[in-house]
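Subject: Structure handover

Hello,

Here is the structure I promised you. Please have a look, then read my notes below.

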Amino acid sequence: MMNDHEQINDSVLTRELRESLTGIAAPQRPPLETITARGRAYWRHRLTGIAGLSASGIAAGAALVLGLTGVLGPAPARGTGTIRTAAFILVKHANGTATLTINPRELLDTAALQNDLKQDGIPALVTSGSFCSSDPAPAGFSQVVSFYPSLPRSGFLRVPKDVHPTITFNPAAMPAGAELSFGDFQLSSRQQADFMLVNTSSYTCTSTPPSGGLPGPGAQFQVDPPGPAGS
Amino acid sequence: MGVSQDKSGFADFFADSWEPCLTVVAASTGNMALAEDQVAEAFARAWASWAKVSRHPAPRAWVVRTALNTGASWWHRRGRETPLADHDIVASRSQGNGLDAVVLTALRRLPARQREVIVLRVFLDLDIGTTARQLGIAPGTVRAHQARAMTALRRELTAARATTEME
């Protein structure tokens with residue numbers, strides 16, 4: 001049955017479609033460094049694939065990768081560099097910040113990450129199966145670390161399982177006598193990562209994964225477990 | 001190769017285009033966290049291929065389409081469609097009549113190709129020819145998809161308005 005409402009014409013509909021976008025609150029833009037680090041990782045991934053697909057031999061592939069090392073990690077500016085493992089990529093930028101991208105599908109080598117962060121000027125306490133915190137926690141968490149995808153105000157984010165969370169560190173903002181606590185929990189139903197600042201000289205650790213919020217300013221990621229093979 | 005090439009202009013493009021691209025992709029997918037990741041991946045690829053993308057007739061369309069394709073493969077690997085009941089971006093600043101949410105939900109119900117055409121033609125304001133080239137289809141096919149999509153959207157919106165007025 002026809003009625004007046006069916007007279008919505010294309011221009012009205014077009015306007016309403018466009019206006020509907022204004023109802024979407026977009027999170028803050030990530031730092032440019034996050035994008036460029038990811039762009040470099042994308043290139044590496046592609047080049048590795050190209051090299052792997054090369055039927056003309058490993059030597060040719062190796063030559064390609066080696067030949068591009070100078071391109072990808074370009075004339076690294078002083079103090080900058082990239083550390084890449086199966087579980088994470090840590091990129092130090094010329095402005096002193098560093099970006100950590102985590103692959104939740106891989107087991108984290110906590111000692112290696114803690115050491116690598118330290119080399120990039122980020123004092124950190126990286127633990128697996130436990131989490132350390134101070135009460136009260138040092139102030140300034142949001143100045144030291146920013147997260148991507150963006151954290152809601154609650155500090156808790158459930159990450160889709162194929163999304164690789166990225167953390168950007170600003171060592172210059174780290175309060176004196178503080179370090180970053182990063183606890184990684186591989187639970188049966190999910191992976192959980194918790195972040196807070198702790199006082200270097202005063203903190204306690206627990207093997208119980210924090211639930212229902214952290215005891216101070218911080219962040220908590222939960223990542224769904226990998227799907228079945230081929231998913 | 002790509003990464004070594006001149007990246008001038010990318011920072012401005014990224015700053016100007018992040019939010020418009022993200023809102024369009026979020027509107028299409030209904031999941032802001034996923035849209036953020038898809039759009040970041042698309043910008044990362046745009047950065048890696050900036051020599052090409054910077055010469056593209058519609059770089060934002062390139063980013064949006066790349067993001068949506070990334071998301072499509074994400075969903076295809078799971079062998080299911082985007083769950084409409086699971087979207088987390090229902091118009092938080094809607095105009096009080098709930099139509100924003102209705103429009104966005106209707107948009108996500110469209111078949112993928114029709115949705116892509118609406119995204120490019122309506123949200124990014126591309127002309128028929130550029131949309132056709134971007135999607136690799138004929139201009140007449142773009143018109144057909146757009147007409148069907150607009151009909152479906154009009155039907156949904158009309159029904160929603162009727163319901164609103166009855167309440």
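Start with one pair: the bridge partner of S128(A) is D184(A), in β9(A). This is a predicted model, where local features need pLDDT of at least 70, side-chain atom pairs count only at pLDDT 80 or more, and totals for chains, interfaces and linings use all residues. Residues are numbered from 1 along each chain as its sequence is written, while chains are lettered from A and ligands numbered from 1 in the order in which they are written.

Strands (E, at least two residues) and helices (H or I, at least four) are DSSP runs, numbered from the N terminus. Two strands pair if DSSP finds at least two bridges between them.

**The sheet**

β4(A) and β9(A), residues 178-186, run parallel and are joined by 5 bridges. Both belong to an open sheet of 5 strands in chain A. The order is β4-β9-β10-β12-β7, and the pairing is mixed. β4 (124-128) and β7 (156-159) of chain A are the edge strands, each pairing on one side only. From one strand to the next, the twist averages 15 degrees.

Helix α4 (residues 110-119) of chain A packs on this sheet. Helix α4 touches β4 and β9 of chain A, and its direction makes about 170 degrees with that of β4(A). Angles run from 0 to 180 degrees between N-to-C directions; axes are lines fitted to C-alpha atoms, for helices over the stretch in contact. Contact means C-beta atoms, placed from the backbone, within 7 Å.

**One residue to check**

F169(A) lies in strand β8 (residues 166-169) of chain A. Its C-alpha atom is 5.2 Å from that of A98(A), 71 residues apart along the chain.

Best wishes

Technical notes. Two residues are in contact if their C-beta atoms, placed from the backbone, lie within 7 Å.
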